[in-house]
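Visitor: Could you take me through this structure slowly, giving the criterion behind each term as we come to it?
Guide: Gladly; here are the sequence and the model.

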Amino acid sequence: LAKYPESIVIFYDGDEAGEKGALSAYLEILQRGGSVEVKVPPYGKDPDELSEVELKRILGVFRSKQAVF
């Protein structure tokens with residue numbers, strides 16, 4: 001994780017598989033000593049289905065040192 005930002009935001013699909021994936025990634029990052037936050041889209045929606053306004057509401061404003069993948 002040393003090559004990644006200090007703070008990681010996980011934003012997976014808003015379905016059961018996305019929730020399980022987000023939990024798995026969250027636990028993995030915590031085990032490696034990273035700082036992690038999970039953001040969740042409305043249930044059943046994928047992040048690419050959201051409008052820019054919805055994304056900004058859910059994700060908030062990122063600090064300049066954060067990267068979005």
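Visitor: Where is Tyr12 placed, and what makes Tyr12 partly exposed?
Guide: Tyr12 sits in the loop between strand 1 and helix 1, where helices (H or I, at least four residues) and strands (E, at least two) are DSSP runs numbered from the N terminus. Buried means under 20% relative accessible area, exposed means over 50%, and partly exposed is what lies in between, with a 1.4 Å probe and protein chains only. Tyr12 has 35% relative accessibility and therefore counts as partly exposed.

Visitor: What do these values rest on?
Guide: This is a predicted model, in which local features need pLDDT of at least 70 and side-chain atom pairs count only at pLDDT 80 or more, while totals for chains, interfaces and linings use all residues. Residues are numbered from 1 along each chain as its sequence is written, and side-chain values use heavy atoms, with hydrogens and water left out.

Visitor: Which residues is Tyr12 in contact with, leaving aside neighbours within four places in sequence?
Guide: With contact meaning heavy atoms within 4.5 Å, the partners of Tyr12 beyond those neighbours are Gly18, Gly21, Ala22, Ala25, Lys39, Pro41 and Pro47. The C-alpha atoms of Tyr12 and Asp46 are separated by 7.4 Å, although the two residues are 34 apart along the chain.

Visitor: Why is Gly14 called buried?
Guide: Gly14 has a relative accessible area of 1%, so Gly14 is buried. Gly14 too is placed in the loop between strand 1 (7-10) and helix 1, and, leaving aside neighbours within four places in sequence, Gly14 is in contact with Pro41, Pro42, Tyr43, Gly44 and Lys45.

Visitor: Where does Lys39 lie, and what joins the side chains of Lys39 and Glu37?
Guide: Lys39 lies in the loop between strand 2 (35-38) and helix 2 (52-59). The side chains of Lys39 and Glu37 are joined by a polar contact of 3.0 Å; the term requires a pair of N or O atoms within 3.5 Å, and within protein one must be able to donate a hydrogen and the other to accept it, while residues adjacent in sequence count only if both atoms are side-chain atoms. Apart from neighbours within four places in sequence, Lys39 is in contact with Val9, Ile10, Phe11, Tyr12, Ile58 and Leu59.

Visitor: How do you know that Lys20 forms a salt bridge with Glu16?
Guide: A salt bridge is a side-chain nitrogen of Lys or Arg within 4 Å of a carboxyl oxygen of Asp or Glu, and the closest N and O atoms of Lys20 and Glu16 are 3.3 Å apart, so the pair forms a salt bridge. Both residues lie in helix 1, four residues apart, about one turn of the helix. Lys20 counts as exposed because its relative accessibility is 54%, whereas Glu16, at 46%, is partly exposed.

Visitor: How many salt bridges does the structure hold?
Guide: The structure holds five salt bridges, among them one between the side chains of Glu28 and Arg32, at 2.5 Å from N to O. Here Glu28 is partly exposed at 36% relative accessibility, while Arg32 is exposed at 57%.

Visitor: What makes the largest nonpolar core a core, and which residues make it up?
Guide: A nonpolar core is a set of buried Ala, Val, Leu, Ile, Met, Phe, Trp, Tyr and Cys residues joined through side-chain atoms within 4.5 Å, and the largest such set has six residues: Ile8, Ile10, Ala22, Ala25, Ile29 and Val36. Strand 1 and helix 1 are the elements that give two or more residues to this core, and helix 1 supplies the largest share, three residues. Val36 touches Ile8, Ile10, Tyr26, Ile29 and Leu30, not counting residues up to four places away in sequence.

Visitor: Why does Leu27 count as partly exposed?
Guide: The relative accessibility of Leu27 is 43%, so Leu27 counts as partly exposed. Leu27 lies in helix 1 (residues 16-31).
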